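Trainee: I would like a close look at one part of this model. Please take me through it step by step.

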Amino acid sequence: MTLFPPLTRQAAWVALTLMLAGLSQANEPEPLAATISAQGAGLYRISLTLRHADEGWDHYADRWELVDEQGNLLATRRLQHPHVDEQPFTRSLSAVRLPQGLEKVTIRVHDSRHGYGRRKVTLEIPR
């Protein structure tokens, strides 16, 4: 007598695989909300609220980056320390000069262990 009939055993493997995939995604940095505002003279302020299961210096959201529609790096906001007890949190970057004619920018978040998260936030540049 087997503990699991064949179909149930297969379903259990599928469920376990999906659960493990979900755990790996749970450790990715997640951008929750972002804003962009003009500061004048072609400069902008970008703010991002993000969530990440920071564990300490060995695993934390260490930066977010602003890229154009082709993926070219425009600006980086380094996060200087883990935010273990401050989740979610918001950090801003001021005096960002953006190329003329650019209509949208995208924010991607990076963590010290897994690299870039899959989720991104795209903002339209105010005129």
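Trainee: Which residue in strand 6 does Val67 stand opposite?

Mentor: Val67 stands opposite Thr106 in strand 6. Keep in mind that this is a predicted model.

Now widen the view from that pair. Strand 3 and strand 6 run antiparallel, and six bridges join them. Strands of a sheet pair through backbone hydrogen bonds, and the pairing can be parallel or antiparallel.

Four strands make it up, in the order 4-3-6-7. The sheet is open, and its pairing is antiparallel. Look at the edges. Strand 4 (73-78) and strand 7 stand there. Each has a single partner strand, so one side of each is left without a neighbour in the sheet. Neighbouring strands of this sheet are turned against each other by 20° on average, direction ignored.

Now turn to the nonpolar residues. The largest nonpolar core has 22 residues. Ile46, Trp64 and Leu98 are those with the most contacts inside it. Strand 3 (61-67) and strand 6 (104-111) are among the elements that give two or more residues to this core. Strand 7 (115-124) is also one of them. So where does the core get the most from? From strand 2, which gives four residues.

Side chains deserve a look too. Arg108 lies over the face of Tyr116. The distance to the ring centre is 4.6 Å. There is also one aromatic pair, by the rule used here. Its rings belong to Trp57 and Tyr60, with centres 5.6 Å apart. Their planes stand at 80°, so the pair is edge-to-face; the cut-off for that label is over 60 degrees. Trp57 counts as exposed because its relative accessibility is 59%, and exposed means over 50%. Tyr60 counts as buried because its relative accessibility is 11%, and buried means under 20%.

Last, check the backbone. Most residues other than glycine have a negative phi. Ala41 has a positive phi, near 55°. You will find Ala41 in the loop between strand 1 and strand 2. Ala41 counts as exposed, because its relative accessibility is 69%. Ala95 also has a positive phi, of about 60°, although it is not a glycine. Ala95 lies in strand 5.

Go back to your starting point now. Find Val67 and Thr106 opposite each other, then trace the order 4-3-6-7 across the sheet.

Notes:
Residues are numbered from 1 along each chain as its sequence is written. This is a predicted model: local features need pLDDT of at least 70, side-chain atom pairs count only at pLDDT 80 or more; totals for chains, interfaces and linings use all residues. Side-chain values use heavy atoms; hydrogens and water are left out. Rings of Phe, Tyr and Trp (its six-membered ring) pair if their centres lie within 6.5 Å; planes under 30 degrees apart count as stacked, over 60 as edge-to-face and the rest as tilted. Buried means under 20% relative accessible area, exposed over 50%, partly exposed in between (1.4 Å probe, protein chains only). A charge sits over a ring if NZ of Lys or CZ of Arg is within 6 Å of the ring centre and within 35 degrees of the ring normal. A nonpolar core is a set of buried Ala, Val, Leu, Ile, Met, Phe, Trp, Tyr and Cys residues joined through side-chain atoms within 4.5 Å. Two strands pair if DSSP finds at least two bridges between them. Axes are lines fitted to C-alpha atoms, for helices over the stretch in contact, and angles run from 0 to 180 degrees between N-to-C directions.
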